[in-house]
Amino acid sequence: MTDHPNWAALTEDEVQPWETLESRRLVSGFRTVFEDRVRLPGGVETTYQYRPRGPRAVFVLPVTAGGEAVLIRQYRYPLRATVTEVVAGGVERGEDLLGAAQRELLEEVGGEAAEWVALPGFYPQPSISGVVFYPFVALGVTLGDTHHEDTETIERVVLPLHEAYRRLEAGEILDGPSSLTLWHARALLAGRGLL
């Protein structure tokens with residue numbers, strides 16, 4: 001399966017209840033930010049800053065044939081902390097979602113998967129961002145050499161699936177999208193007899 005049934009619903013509503021009166025770009029480049037003057041249904045006017053719809057990212061929970069989760073520990077500069085995450089990365093212009101997931105799996109943990117299963121997509125911060133996240137489970141993963149970008153500080157962590165879920169339940173996995181990816185993957189993994 002290369003997509004999930006809910007992915008088609010991750011679109012703009014046909015009717016927009018807020019009227020855009022004026023829009024200006026505050027930040028250009030990779031993380032574009034707009035500031036719009038809008039009128040709400042009750043007639044109130046306000047200013048709203050946000051990242052527009054369009055950017056996409058993939059998240060991958062790699063699972064080896066032996067039933068191990070492959071997570072990463074990555075330094076995140078805004079937090080000034082290293083956090084445990086699933087494999088993730090942005091979708092490049094012209095790249096399809098599965099291709100992006102395969103690329104990120106290879107780059108971050110040196111992995112290749114025998115099977116891919118799409119999980120429900122989601123909006124990570126809909127109050128300020130139009131970014132859409134698309135998670136996958138990669139099954140039958142074999143590991144080789146990693147290919148980190150020069151700007152990444154990543155450690156590969158291989159552990160039994162039950163330990164990954166113990167960490168999730170104990171609140172030790174602090175990255176929201178990684179937690180949601182693990183949560184959505186649980187039923188699939190249990191159904192396959194891996195949990």
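What share of the 195 residues in the protein chain is buried? Buried residues make up 43% of them, where buried means under 20% relative accessible area, exposed means over 50%, and partly exposed lies in between (1.4 Å probe, protein chains only).

1. **Basis.** This is a predicted model: local features need pLDDT of at least 70, side-chain atom pairs count only at pLDDT 80 or more, and totals for chains, interfaces and linings use all residues. Residues are numbered from 1 along each chain as its sequence is written, and side-chain values use heavy atoms, with hydrogens and water left out.

2. **Overall layout.** The protein chain holds three helices and eleven strands. Both are DSSP runs numbered from the N terminus: helices are H or I with at least four residues, strands are E with at least two. In sequence order the pattern is β-β-β-β-β-β-β-α-β-β-β-β-α-α. The C-alpha trace spans about 60 × 35 × 35 Å along its principal axes. Of the contacts in the protein chain with a separation of 6 or more, 60% come from residues 24 or more positions apart. Contact here means heavy atoms within 4.5 Å.

3. **Helix α1, geometry.** Helix α1 covers residues 97–109. Its 13 residues should span 18 Å at 1.5 Å a residue, and the end C-alpha atoms are 18 Å apart, which agrees. The expected span is 1.5 Å times one less than the number of residues. Just after α1, Gly 110 adopts a positive phi of about 70°.

4. **Helix α1, burial.** Ten of the 13 residues of α1 are buried, so the helix is mostly covered. The buried set includes Leu 97, Leu 98, Leu 105 and Val 109. Charged side chains are also in it, among them Arg 103, Glu 104, Glu 107 and Glu 108.

5. **Largest pocket.** The largest pocket holds about 1,400 Å³ of space. Of its 34 lining residues, Phe 30, Arg 31, Ala 57, Gly 89 and Gly 90 are the closest to its centre. The lining divides into 13 nonpolar, eight polar and 13 charged residues.

6. **Second largest pocket.** The volume here is about 730 Å³. The lining has 21 residues, and Gln 16, Trp 18, Tyr 48, Tyr 50 and Pro 126 lie nearest the centre. Strands β2 (33–39) and β3 (45–50) each supply at least two lining residues. By class, the lining has ten nonpolar, six polar and five charged residues.

7. **Pocket criteria.** The search runs on a 1 Å grid over the protein atoms alone; a pocket is an open set of points where a 1.4 Å probe fits, with protein on both sides within 12 Å along at least five of seven lines. Lining residues have an atom within 4 Å of a point. Grid points are joined across faces, edges and corners, and a volume is the space filled by probe spheres set on the points. Ala, Val, Leu, Ile, Met, Phe, Trp, Tyr, Cys and Pro count as nonpolar, Asp, Glu, Lys and Arg as charged, and the others, Gly among them, as polar.

8. **Glu 85.** This residue is in strand β6 (residues 81–85). Glu 85 counts as buried because its relative accessibility is 3%. Its side chain joins that of Arg 76 through a polar contact of 2.8 Å. A polar contact is a pair of N or O atoms within 3.5 Å; within protein, one must be able to donate a hydrogen and the other to accept it, and residues adjacent in sequence count only if both atoms are side-chain atoms. Neighbours within four places in sequence aside, Glu 85 is in contact with Leu 71, Ile 72, Gln 74, Arg 76, Asp 175 and Ser 178.

9. **Leu 10.** Leu 10 sits in the segment before β1 (19–27). Its relative accessibility is 12%, so Leu 10 counts as buried. Beyond four places in sequence, its contacts are Arg 53, Gly 121, Phe 122, Tyr 123, Val 132 and Tyr 134.

10. **Loop residues.** Arg 80 lies in the loop between β5 and β6. Arg 80 has a positive phi of about 55° although it is not a glycine. At 52% relative accessibility, Arg 80 counts as exposed. Gly 171 lies in the loop between α2 (161–169) and α3 (176–191). Gly 171 is partly exposed, with a relative accessible area of 40%.
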